Structures are given as C-alpha cells and as structure tokens.
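Here are my notes for anyone opening this one for the first time. Have a look at the picture, then read on.

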Amino acid sequence: MERIIFYILAFIMVFFAIKAVSSRKMLRAVIYLLFVLIGISGIYFMVDYSFLAAVQLAVYAGGVIVLIIFSVMLVHHIELKLDETNLKQRIFAAMLSIVGVLLTLYAIFTYQFNPTEKLIAIEVEDIGRGLLSVDDGGYILPFEVISILLVAVMIGAIVIAKGKKLEQ
Amino acid sequence: MIETIHNWLYSIMPEGVASITEMVLIATAYLALFALAGLYLVYFERKVAAWFQLRLGPNRVGPFGLFQTMADALKLVSKELTTNDRIDKLLYNLAPYFVIVAALIALAVLPFSKQFQAFDINIGIFFLLAVSSMGVIGILLGGWASNNKYALIGAIRSGIQTISYELSVGLSLLTMVLLTGSLQLSEIIEVQRTGGWLILQGHIPAVIAFMIFMIAGTAETNRAPFDLVEAESELGAGFHTEYSGMKFAYFFLAEFINMFIIASIAVVVFFGGWLSPFGITDEITWFPQFIWFFIKVLGIIFLMMWFRWTFPRLRVDQLLTLEWKYLLPINLVNMVLMAIIIWLNLTL
C-alpha cells in the first residue's frame, strides 16, 4: 500500500517537475512547481513527519508560490509566452541535470540505509525545546541568527517601500 | 455503529480492499456533509438576511422554503458552462478545485465529536492554517486565467487581504495555544473538560484574541464587510466574473464551507468544541455530542452573518490599515499579556 502511494507521489513529482521547466507559459510553470511541492509534503506525511509536511505546505505552497503568482500577475500578460531557448543552452541544461541525477543516484545506492525498528513520533514540543535549548545539540544560535536576519529583512522592506520624500 | 461496519467490512473482504472501501466510505460521508452544510448555510444566510431587512426570505419551495437551495443547486448543475476564447483553459478549469479541495482537507481534521474526526494529527491547528492558506491560490488563478480586468483586480485584492489577515488568524490562535500547550485539536478540547472553556480560562487576553480571530476570520473568508474582492458596484462579480454554472457554484460553496471552518476553529479553540456546557449531557451516553458542536458553530456563523448585514464595506486602504496598524500590534501585545498571565498563574 505505502509502496503504491510512494510511486504515485514520485511519478507526480517527476512529471510535474519536468513540465515546470518545459512549459512556455509562466503561470502554468508556477502551478506545476506547486504540484511538485505538494508532492514533497505528501512524502513527509508518508514518513509520519507531519510537522515538516505542514511547514512545507504553509511556507512553500501558501507563501512562496503565492508570492511568485503575485509577481507573475503584476508583470506578465496572459497571452505572452516565454521565448524558446536556443539549442546550445538546452544541451548545456540537459547535461547539467544528467550529472545531477547521476550524483544523486550514486549517493542513494552507495549509502547503507538502516531500517528503524520503532517509530518515533516527533512532537511539536520537542522541536520547540530543541530550538530554545543552549545545551549540546540545541539550536538557540541558528534560531537567533534567523530572527535577526528576518528583522533586518523587514526593516529593509519598510525602508524601500517608504522611499524618498518627494522634493518640493 | 462504526465498529460494526468496520468489522463487517473486514469479514467479507480481504484486508487491503476493506481498508480502501473504508476510506472511500469516509470520504463519501465527508463529501455529503460538505454539500449539505454548504447548501443549508446558503439557506440560513438568506433567511438571516431577510430577517435583518424585514423580509420573509425563501418561503415557496418546500416547508419554510427548505428546498429552495436544493432547487438552486439543480439549476446550477444544469446550466451551460460558458467560457471565453482567450483564456488560459487549464488554469481556468483548475482554479475552482484548488478552493474546494483546500476547504475539504481542512474539514478532515475538525473534531465533530469524540469519535467523529477523520484525521487527528498532533499539529492540528497548524495544519488547518497551512491548508487554508492554499485556498487563495485558486482565487488568484481564477482571476488571472479569466483574462478579464475586473477578475484580475478582484483576485489581487483577495491575495492582499488573505495574506495580511492570515497573520492575525495565526497569531490569535497562537495566543490560545500558549494556554493549551498542544496543537492537537482533540487535546485542546480535553483541556477544556476540566478547566472550563478556554475563553473563560484565559479571560482578558482570550476575549481579545477571540475578537481579533473573528475579525480576521471574516476577512479570510472574503465576506462582508471585507468583501471588496467581489464588490458588485465596482468589479462586477470580482474574481469569478467569468465563471458560470457549476464552476461558479464551487467558488460559492467553498466560501460557505470556509465560513463553517472558521466558525469550527473558533468553537474548538474558544468554546470547548463538542463538550456540553457545564457537562449537562456527560452522563447521557446515547446523546450525540456533535449536536453541541453544531449548535455552537451555528451561533458563531450567525455572528458572522450579523457582521455581513450590518457593517458597510471597507476600502482597500482601510482594510490594510486595520490589519497592519491595529490588529497586528494589538495581537503581539496580547500574546505577551497571555504569556505573563500564564506565568503568574492568573488563569481561571
């Protein structure tokens, strides 16, 4: 059963990933990308890591994709199509992706996977305590760094949006 | 009853087939609930609107007009699906499904009663927020793919509104999560069994959080006074101007189901879910608990309809001012207040 679901998800992801880079209509490409991201969150659900799955849905599907759709809506007209890329670029891109696939396959097939005996359900509480712990294996430093980064981004956005005062 | 059906299915079929049949049965039950809730909320809305405007409302089809919305649905099914030539066919046809599927997934985690909950995950509330943030994609796509200026403006307004007010919904729920210490919906209800409803347990900050949640929730569902997405006087019908027949009905139904979901979240987080008030039906074992859930949900929905028929529509700048200059700061302060109250053990 799980095997079947995995193959369905994997097929959806690969299919839409290829569609996303080959589509010549911009917003369609974005939607294909959205299906890939939803497929990834499906994989997370399958391995019982529902927190990461929900983060994937909220951040990528609900946040990033909506942002991309917004920018496409503002700059792109419905009847416009993207230019066809020339042959040289296509060959280069194909070579690069083949190298990427080979590297990933090599890593997967040489790694020794250990089947786990018991299932550990990860509670949200554990994640929260991990983020705030200062002991070994605690994540307080990256947590703080990210919050400073986010504050900097927000202030930057406000400054840019505010703009200069109009000259009289 | 569920137990007997479960055993019966497994006795007549091999295990794999039985589990798939069970999934299909559950899905069908939820779809039926979806359709029924949608149709009767439309009826309820029309009756409430009529009451507020001193009219009678639908009263011809069936007793008290109860079958009016059924007849409307039949009419919508039989209508022609008109399309324009210069639209993006794929996205245009896909858009209604985004809205409706997001609403359906959210329905699955709601606890209607102790037994009646399809998917009880330990991140319940967070999952609800994540899924409900996907519905807006459908609206954006529908508006863009229609190749219509009114639809595009409506869709962009909807995007702005949903993204802004999502923050307030999330933060006000987070304030309440401080009190429960769990994101799992069934556990949130269990907390309220001994200590009373959360809106009483958390008193002042909980009441503020509830008010913010109701305002932001109304905005999330694109209902009046936040319905500038489909402001008739300026935009025709907003993002669904080009949709007809059943596809329009999908958008319309999803709006009502989203209202139902927002009301259900409010009931679970603030008003004790399916728990009876003062435990009056706890001893009666045959009493279906989901009745309490639906009574409370209807109360909240009535409140939202009350908003709709009494407040005038906001302008875009007023909408954004309300969220970013008032609700968000109040929400942040409120969360700190709640933390202090819990820290000092001042909860009731």
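**Notes on the two chains**

1. Start with H3(A), which bends by about 25° at A:Ile65 (the bend being the angle between axes fitted to the seven residues ending there and the seven starting there). Helices here are DSSP runs of H or I with at least four residues, numbered from the N terminus. This is a predicted model, where local features need pLDDT of at least 70, side-chain atom pairs count only at pLDDT 80 or more, and totals for chains, interfaces and linings use all residues. Residues are numbered from 1 along each chain as its sequence is written, with chains lettered from A and ligands numbered from 1 in the order in which they are written.

2. How far apart are the end C-alpha atoms of helix H3 of chain A? They are 36 Å apart, which agrees with the 38 Å that its 26 residues (50–75) should span at 1.5 Å a residue (that is, 1.5 Å times one less than the number of residues).

3. Chain A splits into domain 1 (2–122) and domain 2 (123–168), with bounds from an automatic or database domain assignment. Taken over C-alpha atoms, the centres of these two domains of chain A are 27 Å apart.

4. Now the meeting of the chains: 22 residues of chain A are in contact with 24 residues of chain B (C-beta atoms, placed from the backbone, within 7 Å). On the chain B side, H5(B) gives the largest share, five residues.

Key. Helix = DSSP H or I, 4+ residues; strand = E, 2+ residues; numbered from the N terminus. Contact = placed C-beta atoms within 7 Å.
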